[in-house]
Amino acid sequence: METKVKPIHVPYLEDLDRKTMYEVCQNLENKGARGAIDQVNWPKLFPYAPIASFSLAHNDTCLYIRFHVNGNCLRAVHSHDQEPVCEDSCVEFFCQIPGQQHYWNFEFNCIGTCRVAHRISRNEGKVLISEDELKHIKRYASAGKRPFCEMIGTFEWEIAVEIPFSIMGIGVKLPEKLYANFYKCADLTEEPHYLSWSPIDSPEPDFHRPDCFGELILDPKA
């Protein structure tokens, strides 16, 4: 698989599972590996680009991601997991384990509502994970947990998530790397946009492109 961006080495931080999600968010800001979600892949159709980034770390059992966003408009209509959070102010993480055909999409709106599935392509083999599995994805959202209609203005927000490797079918032995991409979108806001970390080569917005994923190297415990 050809990678489109420089691989990111994801550091091992042992004590994250003993911290609150707010503390995890601060730790990722200070110690996590960083990347920018700054690829405007369809500038003629969707030129707007909020400032968006992510920070990463892992331990033996979980992957930790902190998203940080600064931009216009803020929408969080969806408050129940597995609703279409991409319509809201949304950040996303798609990943694939080397050697597997399917990939995972993890999508979060700005209040932490989550949508997760694994699939072979956008329209093939989609399976939403269960409510019980979703409960194991811990989240912290600076915008709170209550839904709200779109607000116009300039907003800065962040969200941190703890994703158990077990949800992705990864056991005790972690893979050396994951293929992945990170996204920022907001389908139904006044300024819809579709940004990515690794560039996407398609004529119109399509995040379901594992051929465009970059690499995350999971650093071992020191």
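1. A polar contact is here a pair of N or O atoms within 3.5 Å, and within protein one of the two must be able to donate a hydrogen and the other to accept it. In this predicted model, the side chain of Glu-162 makes such a contact with the side chain of Tyr-64, at 2.9 Å.

2. Glu-162 has its place in strand β11, which spans residues 148-164. The residue is buried and yet has no salt bridge, the nearest side chain of opposite charge being that of Lys-138, 4.0 Å away.

3. Once neighbours within four places in sequence are left aside, Glu-162 is in contact with Asp-17, Met-21, Cys-62, Leu-63, Tyr-64, His-136, Ile-137 and Lys-138.

4. As for the aromatic residues, the count comes to 14 aromatic pairs. One of them joins Tyr-194 and Phe-207 in an edge-to-face arrangement, with 6.1 Å from centre to centre and 65 degrees between the planes. This pair links distant parts of the chain, since Tyr-194 lies in strand β13 (residues 194-196) and Phe-207 in the loop between β13 and β14 (214-218), 13 residues apart.

5. Both partners of that pair are buried: Tyr-194 has a relative accessible area of 15%, and Phe-207 one of 7%.

How values were computed. Residues numbered from 1 in each chain as written. Predicted model: local features only at pLDDT ≥ 70, side-chain atom pairs only at ≥ 80, totals over all residues. Heavy atoms only, no water. Helix = DSSP H or I, 4+ residues; strand = E, 2+ residues; numbered from the N terminus. Buried < 20%, exposed > 50% of the residue type's maximum accessible area, 1.4 Å probe, protein only. Lys, Arg positive; Asp, Glu negative; His and termini not counted. Contact = heavy atoms within 4.5 Å. Phe/Tyr/Trp six-rings, centres within 6.5 Å; stacked < 30°, edge-to-face > 60°.
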